Amino acid sequence: MPITAFLDGQKFDPETKRVMGVAFEMTRAALRLADQNDLIIELVAKKIIELAKAGERNPDLLCEAVLTRIP
């Protein structure tokens with residue numbers, strides 16, 4: 001499932017979309033989220049998007065930031 005499904009019309013340049021997608025997949029793998037209907041997936045995507053909007057472009061840091069915020 002690509003992160004673009006969660007952009008809700010928000011515009012990002014292609015490189016930022018790529019970085020967010022990498023971070024999204026890394027985070028899903030770290031959390032072992034396989035079920036596409038799992039609500040946590042949406043929370044992960046929205047947090048990555050929020051951090052990217054704030055300027056973060058490193059997929060490792062995006063993933064780490066989300067993982068530290070998930071209980």
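This is a predicted model: local features need pLDDT of at least 70, side-chain atom pairs count only at pLDDT 80 or more; totals for chains, interfaces and linings use all residues.
Me: Which label, buried or exposed, belongs to Arg32, and why?

Reply: Arg32, found in the loop between α1 and α2, has a relative accessible area of 75% and is therefore exposed, because the cut-off for that label is over 50%. Its backbone has a positive phi of about 55°, again without the residue being a glycine. A positive phi near 115° is also found at Gly55, which follows α2.

Me: Why is Arg28 called buried?

Reply: Arg28 lies in helix α1, and its relative accessibility is 9%; because buried means under 20%, Arg28 counts as buried. When its neighbours within four places in sequence are left aside, Arg28 is in contact with Met1, Leu33, Ala34, Gln36 and Ile41.

Me: How do you know that α1 and α3 are oblique to each other?

Reply: The axes of helix α1, residues 14-31, and helix α3, residues 59-69, come within 8 Å and cross at roughly 45°. Angles under 35 degrees count as roughly parallel, while roughly perpendicular begins at 65, so α1 and α3 are oblique, and their crossing is right-handed. On the α1 side the contact is made by Val19, Val22, Ala23, Met26, Thr27, Ala30 and Leu31, which meet Pro59, Asp60, Leu62, Cys63, Val66 and Leu67 of α3. By class, these contact residues are 11 nonpolar, 1 polar and 1 charged.

Me: What makes α2 and α3 oblique to each other?

Reply: Helices α2 and α3 pack at an angle of about 130°, with their axes 10 Å apart. Roughly perpendicular ends at 115 and roughly antiparallel needs an angle over 145, so α2 and α3 are oblique to each other. The crossing in which α2 passes α3 is right-handed. Here Val44, Lys47, Ile48, Leu51 and Ala52 of α2 meet Leu62, Ala65, Val66 and Arg69 of α3, and the residues of this contact comprise 7 nonpolar, no polar and 2 charged.

Me: How do you know that Ala65 counts as buried?

Reply: Ala65, which is found in helix α3, has a relative accessibility of 17%, and because the cut-off for buried is under 20%, Ala65 counts as buried. The C-alpha atoms of Ala65 and Ala52 are separated by 11 Å, the two residues being 13 residues apart along the chain.

Me: What is the span of α2 from its first C-alpha to its last, and what is expected at 1.5 Å a residue?

Reply: Helix α2, residues 39-53, has 15 residues and reaches 22 Å between those two atoms, close to the expected 21 Å.

Me: Which residues of α2 are buried, and what covers them?

Reply: The buried residues of α2 are Ile41, Val44, Ala45, Lys47, Ile48, Ile49, Leu51 and Ala52, and what covers these buried residues includes α1 and α3.

Definitions and conventions: Residues are numbered from 1 along each chain as its sequence is written. Side-chain values use heavy atoms; hydrogens and water are left out. Axes are lines fitted to C-alpha atoms, for helices over the stretch in contact, and angles run from 0 to 180 degrees between N-to-C directions. Helices (H or I, at least four residues) and strands (E, at least two) are DSSP runs, numbered from the N terminus. A crossing is left-handed if the near helix is turned anticlockwise from the far one by less than a right angle, and right-handed if clockwise. Contact means heavy atoms within 4.5 Å. Ala, Val, Leu, Ile, Met, Phe, Trp, Tyr, Cys and Pro count as nonpolar, Asp, Glu, Lys and Arg as charged, and the others, Gly among them, as polar. The expected span of a helix is 1.5 Å times one less than its number of residues. Buried means under 20% relative accessible area, exposed over 50%, partly exposed in between (1.4 Å probe, protein chains only).
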